Amino acid sequence: MTAPQFDCVGIRLVGKAVSLAGQARAADRPLFRNCAGTPLGLDDIAARLRGLPLEKCDAHAIRRIWRKSLRARGRETLRRKLSLYVHIPFCRQLCAYCEIERAPFVGEAQIDSYLRRIDRQLKFYQSAFSGARVDTISIGGGMPSLLCERQMERLVSAVRRSFKIKKGAIISFEFSPDTVTPGKVACLKRLGVTRVSMGFQTRSPKLLRKFGRVLQNRAMVARAVEVIRQAAFRDGFNLDLLAGLQGQGVREVLRSFEEVVRLGADQVSVNLLHGTDQYVRRFYGGERERFHAATLRFFHRLAQRLPDLARRMGY
């Protein structure tokens, strides 16, 4: 059997994650920032993978590592929190700050082909996780909300066929504001999605234009939020903010936070920019130390003010 290329499915156990994306490199951080769960002590899995030459490690080797690690714990595995992340990389716009694996969207046929690969990958890993139950499923990107309703049904069905899902599991789906429609939202609710996340990033039109996020405006976000709120997802909805953009001040982040609170988000995620090599070259002349210094100064100022604002606003 030829090993499939693993660039769209990630399996996460507890606090540390093992990334099966791209070239199958290990990751020191969670694959999806909104996965629920308390660290439960399986860090040695990630440590094992970090000790391997993963650029030469094919999917069969990764599956063997998972199978061996989980079977060594026997029934204990059944009590662990197991999270599954599925990545949809396609985007209508490629924002300059984004550090996620992505590709330009060209049409439904492109997504259909990708979904076939996801189905193969899910089936390939299925045997390694027999007996374990997934309690968190996150579908992110990219722009997974580019999927039409038929494709949404196909993806969720493939996950359910390949993995046992705990009763009451959190199933999260990421939307881009320009792709929210009543039909797609109703479809996800019918498929058992319990939580929706959406990128707001910043209230500043100037910053949105500067970094290439040109398909979004505040009125569009407000309309999208209203459609999502009416669906009343069991685990609510999250809005993402981005902090640390070049030219962004602390006051702008605070005003953006106030705006998403007024929109009624059940959760607000404020994500500090990490900065890709391309981003650092473009905005900091390739000087990563200067980028890091500026980001840390920004974070220090933000950390002094944002927690108090969040508490005053009931978060």
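Before I start, a reminder to myself: a helix axis here is a line fitted to C-alpha atoms over the stretch in contact, and the angle runs from 0 to 180 degrees between N-to-C directions. I am also keeping in mind that this is a predicted model.

**Entry 1: two helices**

I looked up how helix α3 (residues 108-126) sits against helix α4 (residues 149-162). Their axes are 9 Å apart and meet at an angle of about 5 degrees. That makes α3 roughly parallel to α4, because angles under 35 degrees count as such.

Next I wanted to know which residues touch. From α3 I noted E108, I111, D112, L115, R116, I118, D119, L122, K123 and Q126. On the α4 side they meet R150, Q151, R154, L155, A158, V159, R161 and S162. I sorted the residues of this contact by type and got eight charged, seven nonpolar and three polar.

**Entry 2: a cavity**

How many cavities of 30 Å³ or more does the whole structure hold? My search of the whole structure turned up one. For the largest cavity I wrote down about 50 Å³ of space.

Then I listed the lining of the largest cavity: I137, I139, V156, V159, R160, I165 and I171. The elements giving two or more residues to that lining are β6 (133-141), α4 and β7 (164-175). Which element gives the most? My note says α4, with three residues. By type, the lining has six nonpolar residues, one charged and no polar.

**Entry 3: a cross-check**

One residue turned up in both of my lists, and I marked it for a second look in the viewer. V159 is among the α4 residues that meet α3, and V159 also lines the largest cavity.

Methods. Residues are numbered from 1 along each chain as its sequence is written. This is a predicted model: local features need pLDDT of at least 70, side-chain atom pairs count only at pLDDT 80 or more; totals for chains, interfaces and linings use all residues. Side-chain values use heavy atoms; hydrogens and water are left out. Helices (H or I, at least four residues) and strands (E, at least two) are DSSP runs, numbered from the N terminus. Angles under 35 degrees count as roughly parallel, over 145 as roughly antiparallel, 65 to 115 as roughly perpendicular and the rest as oblique. Contact means heavy atoms within 4.5 Å. Ala, Val, Leu, Ile, Met, Phe, Trp, Tyr, Cys and Pro count as nonpolar, Asp, Glu, Lys and Arg as charged, and the others, Gly among them, as polar. On a 1 Å grid over the protein atoms alone, a cavity is a set of points where a 1.4 Å probe fits but cannot get out, and a pocket is an open set with protein on both sides within 12 Å along at least five of seven lines; lining residues have an atom within 4 Å of a point. Grid points are joined across faces, edges and corners, and a volume is the space filled by probe spheres set on the points.
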